[in-house]
Amino acid sequence: MHVRLTPAEGMVMARIAGVETPPAVTSVTAEDGVVRLVADLRRVDELPSALKLAVKVAPIVRAEVRILSYAGGKATLGVEVNAARLPAHRLMGLLAEPIEHQLVKQGLPPGAVDVRSDATVVVDVERLLAEKAPGVDVTRLAIDGEHVVVDATLA
């Protein structure tokens, strides 16, 4: 099976599958191998106190995500995050726990997303699909132009 979706279509599909998409995300697009998203952190209900101050200064965050690799059912993503033109991705080690907490709150299984201090995120695609789409085995994940491309087999 070969699926090509824009990131916006992917978010709609996630909602249909019962995955609550983050309310902070206001825009998501893809272009030239990069997924770009814009988030308004004022829409996040629970933030650690250190982040609450940062959100007052720079509430809008822009991120660029690249798929660095896909192997063993896990996608390694390179992430660049900017808030008020500051490279916030350099703080990912400090933000890992609150980010992972928010993802679990949105319905993802604990440990399915590993936010690392080196500005990478490892997503356990196999684990995510085991609950929402059992029998689907993703063999390739890529960004091609404006689309996220997924090759998968069905068991």
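Val12 is part of helix α1, which covers residues 7-16. Helices here are DSSP runs of H or I with at least four residues, strands are DSSP runs of E with at least two, and both are numbered from the N terminus. The model is predicted, and local features need pLDDT of at least 70, side-chain atom pairs count only at pLDDT 80 or more, and totals for chains, interfaces and linings use all residues. Residues are numbered from 1 along each chain as its sequence is written, and side-chain values use heavy atoms, with hydrogens and water left out.

Val12 counts as partly exposed because its relative accessibility is 40%. Buried means under 20% relative accessible area, exposed means over 50%, and partly exposed lies in between (1.4 Å probe, protein chains only). Together with Met13 and Ile16, Val12 forms a nonpolar patch on the surface, with about 300 Å² of accessible area. Such areas come from the Shrake-Rupley method with a 1.4 Å probe, and for residues only the protein chains shown count as cover. Patch residues have over 30% relative accessible area and no salt bridge; nonpolar side chains (Val, Leu, Ile, Met, Phe, Trp, Tyr) are joined within 5 Å, and like charges within 9 Å. A salt bridge is a side-chain nitrogen of Lys or Arg within 4 Å of a carboxyl oxygen of Asp or Glu.

## Pro7

Pro7 also lies in helix α1. With a relative accessible area of 10%, Pro7 is buried. Beyond its neighbours within four places in sequence, Pro7 has contacts (heavy atoms within 4.5 Å) with Val28, Thr29, Ala30, Val35, Glu146 and Val148. Pro7 and Glu146 are 139 residues apart along the chain, and their C-alpha atoms are separated by 8.0 Å.

## Strand β5 and its partners

Strand β5 (residues 74-83) is mostly covered, with 7 of its 10 residues buried. Two strands pair if DSSP finds at least two bridges between them. Strand β4 (residues 60-71) runs antiparallel to β5, and 10 bridges join them. Tyr70 has Ala75 in β5 as its bridge partner. The two strands form a hairpin with 2 residues between them, and Gly72 in the turn has a positive phi of about 60°.

Strand β8 (residues 120-124) is antiparallel to β5 and is joined to it by 5 bridges. Here Leu77 has Val121 in β8 as its bridge partner. Strand β6 (residues 86-87) is joined to β5 by 2 bridges, again antiparallel. Asn82 stands opposite Pro87 in β6. The hairpin of β5 and β6 has 2 residues between the strands, and Ala84 takes a positive phi near 55° in it.
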